[in-house]
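Colleague: Please bring up the model. I would like to go through the chain interface, the pocket and the backbone.

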Amino acid sequence: MTVRTLLQSVTDAMKTEMENDERVVVLGEDVGRDGGVFRATEGLLDRFGVERVMDTPLNESGIIGVATGMALYGLRPIAEIQFMDFIYPAFDQIVSELSKIRYRSGGTYTAPVVVRTPFGGGIKGGLYHSQSSEAYFAHTAGLKVVAPSTPYDAKGLLISSIRDEDPVIFLEPKRLYRTVREEVPDGAYTVPIGKAKIAREGKDVSLISYGAMVRTCLEAAEAAAKNGISVEVIDLRTLSPLDIETIISSVQKTGRAVIANEAPKFGSFAAEVAALIAEKAIDSLGAPVLRVSGLDTPVTYIWESAYIPDVQRVLSYINRSVSY
Amino acid sequence: MPDCQVKRCLAFKLLTVGVVDLNETMEMKKETGMLQILDIDGNYRKELEPDISEELLLRMYRAMATVRKFEEISMGLQRQGRIGFYIGAAGQEACSVGSTAALHRDDWIFPAYREPGALLIRGETVLQLFHQLFGDSMDYNRGRQMPNHFNSREKNVVTPSSPIATQIPHAVGMAIAAKHMKKKQIALTFFGDGATSENDFHSGMNFAGVFRAPVIFLCQNNGYAISLPTVRQTASETLAQKADAYGMPSERVDGNDVLAVYSATMRAAERARKGQGPTLIEALTYRIGPHSSSDDPTKYRKNEEVDEWRKKDPIKRMSAYLKRKRLIDDESDRKLIEDIENEIRSSAKKAESTPKPAIESVFENVYLELTWNLREELDEAVQRYGPGYTGK
């Protein structure tokens with residue numbers, strides 16, 4: 001066991017799998033010499049060489065398209081998109097190609113690419129270094145979407161993603177990169193894709209979240225406990241395929257649900273979770289399902305603090321739910 | 001019409017007139033710097049004639065003639081409502097057959113949708129192509145794609161999609177991967193003139209140049225992207241010259257001359273295998289038929305233009321060549337075409353009577369394993385249609 005930050009866990013997962021499997025390669029902008037703008041790939045170039053750690057031209061569509069071709073050949077590419085805000089030039093390659101290759105070829109071709117990308121705000125990144133656009137990808141058949149919130153889960157889920165036979169969009173909560181640390185096993189282990197985690201048990205309200213918002217939710221749950229409200233915090237860890245059982249059994253127990261994420265509220269992934277709860281557990285509900293989300297605006301530089309739900313805002317939604 | 005709209009229309013008209021005259025459709029197809037070995041009468045330049053075995057020449061001819069006949073019959077099936085759609089390759093047969101024939105059997109092909117010839121020359125059966133057109137249970141795609149999205153894992157022909165140019169970076173990635181695995185395999189990707197306007201053409205060419213990927217870019221410049229002539233895709237004098245910007249060599253060839261396509265591909269493949277990187281080949285050709293069964297080409301091109309290109313027909317030229325070399329004569333040629341037609345008609349019948357994939361198959365291959373939400377949808381569908389339902 002070694003104490004690692006979430007960022008170090010991501011690096012360690014790639015290093016571990018690259019040592020285990022020569023088919024694993026890393027490609028992206030600045031991933032080699034620079035070790036990535038967040039240093040997620042630091043040390044990999046020296047350890048594995050230029051053929052397995054490829055500094056690419058500045059072209060996201062090319063990165064994903066080339067990674068797809070490498071995967072078609074049988075490699076296990078990990079493509080880094082520097083910020084999720086810059087993933088859109090590759091949207092066609094992800095949505096029209098990567099996600100559909102298995103289906104359209106009747107399973108004769110597959111492209112198991114992992115697309116790693118930092119997402120979310122909290123670093124004063126303004127409109128173009130803060131986005132949470134997971135809903136587009138969770139909406140796309142053929143993609144798995146993973147979003148860890150702890151160093152342990154980040155390493156275990158990234159190893160699972162690299163070994164997965166389907167393409168995975170791996171979302172890294174950038175504001176947690178260096179702010180959380182915990183003991184993480186050395187060597188390979190996996191955390192299963194598609195399994196949520198009860199991050200804190202409670203009985204009055206289910207607070208469902210993923211990525212960096214899980215930390216905010218845990219703090220809000222702690223604060224609520226002081227007021228006598230027992231909050232169950234669910235860390236989804238995977239958005240697609242979603243662990244519906246954990247969500248429903250929690251809501252059946254608590255009778256209330258608040259979904260917390262930082263993407264814009266309208267048409268968001270939180271809306272999908274809310275709809276599923278309404279479809280499958282309406283009889284258990286004692287209050288409307290609430291969403292505490294980012295604003296229906298682009299992310300703003302100066303007022304980021306008003307954009308991303310903070311402990312106080314999450315608390316106010318918890319209170320609305322339990323006092324309904 | 002409100003004033004501002006009138007102004008906008010006028011402005012657009014001025015702009016279009018000012019920029020390019022769409023009647024200069026074939027302006028770009030100046031045949032400068034274009035390699036031709038076999039002329040339109042079947043005369044050939046002995047000193048440039050590629051060394052192709054008699055057996056392979058005959059197979060190439062058969063593949064090209066099959067593509068033509070297959071299209072004629074399939075368009076008929078489409079008109080009768082027996083298949084939903086068809087995208088033709090008539091006039092372009094030399095491009096896919098000539099280039100694929102020059103590769104090794106285990107090199108990878110990334111097709112667009114006018115390359116059934118690439119599959120046929122690799123030994124794919126006409127029956128298998130029909131399984132794709134009918135989308136039946138024997139189709140590799142399991143009935144999921146529109147007609148003419150042919151592929152074959154066994155023949156190293158990769159699955160195509162409908163968006164234009166997206167396969168170009170895939171070919172580059174595959175070529176880089178092969179190099180990485182120390183294999184001598186190379187990749188070839190087909191695309192049209194329209195694709196050179198797409199972002200992924202740039203992405204793929206640029207990555208290939210930077211990484212010296214062993215890949216061949218084969219652009220079938222057939223003069224039109226649906227209705228728009230090549231002059232509306234680029235102001236460059238040729239498409240081949242685009243290679244300069246990516247630091248790779250290019251060749252312009254007569255795309256209706258199977259020998260020229262073959263020999264240019266052979267040179268590009270040798271360069272790739274020697275570690276000298278990618279090549280762009282611009283093959284000048286012409287789509288004799290419509291863009292697809294839904295297209296009316298009389299809206300954007302003149303019949304005289306089509307007639308001019310009919311004279312350059314790649315199949316007639318190859319037939320004349322083979323006759324000069326005494327590999328076929330009129331009688332054996334006639335018999336061959338008859339044989340091809342019989343094979344096509346019987347294969348169409350067979351595929352048409354093959355059952356459709358069962359309803360359950362709709363939910364398979366989205367992921368390796370069914371997810372809970374797909375399972376729910378599958379159960380609902382089976383409840384409605386019954387288990388194993390194939391549409392009958």
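Modeller: A salt bridge here is a side-chain nitrogen of Lys or Arg within 4 Å of a carboxyl oxygen of Asp or Glu. This is a predicted model, where local features need pLDDT of at least 70, side-chain atom pairs count only at pLDDT 80 or more, and totals for chains, interfaces and linings use all residues. Residues are numbered from 1 along each chain as its sequence is written, chains are lettered from A and ligands numbered from 1 in the order in which they are written, and side-chain values use heavy atoms, with hydrogens and water left out.

Colleague: Which residue of chain A forms a salt bridge with K182(B)?

Modeller: Between chain A and chain B the count is two salt bridges. In the one made by K182(B), the closest N and O atoms are 3.1 Å apart. The partner of K182(B) is E51(A).

Colleague: Which element gives the most to the side of chain A that touches chain B?

Modeller: Contact (heavy atoms within 4.5 Å) joins 46 residues of chain A to 47 residues of chain B. Helices (H or I, at least four residues) and strands (E, at least two) are DSSP runs, numbered from the N terminus. At least two residues each come from β3 (53–55), α3 (60–73), α4 (91–97), α5 (101–104) and α10 (269–281) of chain A. With 10 residues, the element that gives the most is α3(A).

Colleague: Which element supplies the largest share of the lining of the largest pocket?

Modeller: A pocket is an open set of points on a 1 Å grid over the protein atoms alone, where a 1.4 Å probe fits, with protein on both sides within 12 Å along at least five of seven lines; lining residues have an atom within 4 Å of a point. Among the 29 lining residues, those closest to the centre are A138(A), H139(A), S240(A), E272(A) and N373(B). Two or more residues come from each of α6 (134–138), β12 (238–240) and α10 of chain A and α13 (372–385) of chain B. The largest share, six residues, comes from α10(A).

Colleague: Which residue is joined to S240(A) by a cis peptide bond?

Modeller: Most peptide bonds are trans. In this one omega is about 0°.

Colleague: What is the phi of N156(B)?

Modeller: Most residues other than glycine have a negative phi. N156(B) lies in the loop between α5 (126–134) and α6 (167–180) of chain B. Its phi is positive, near 55°.
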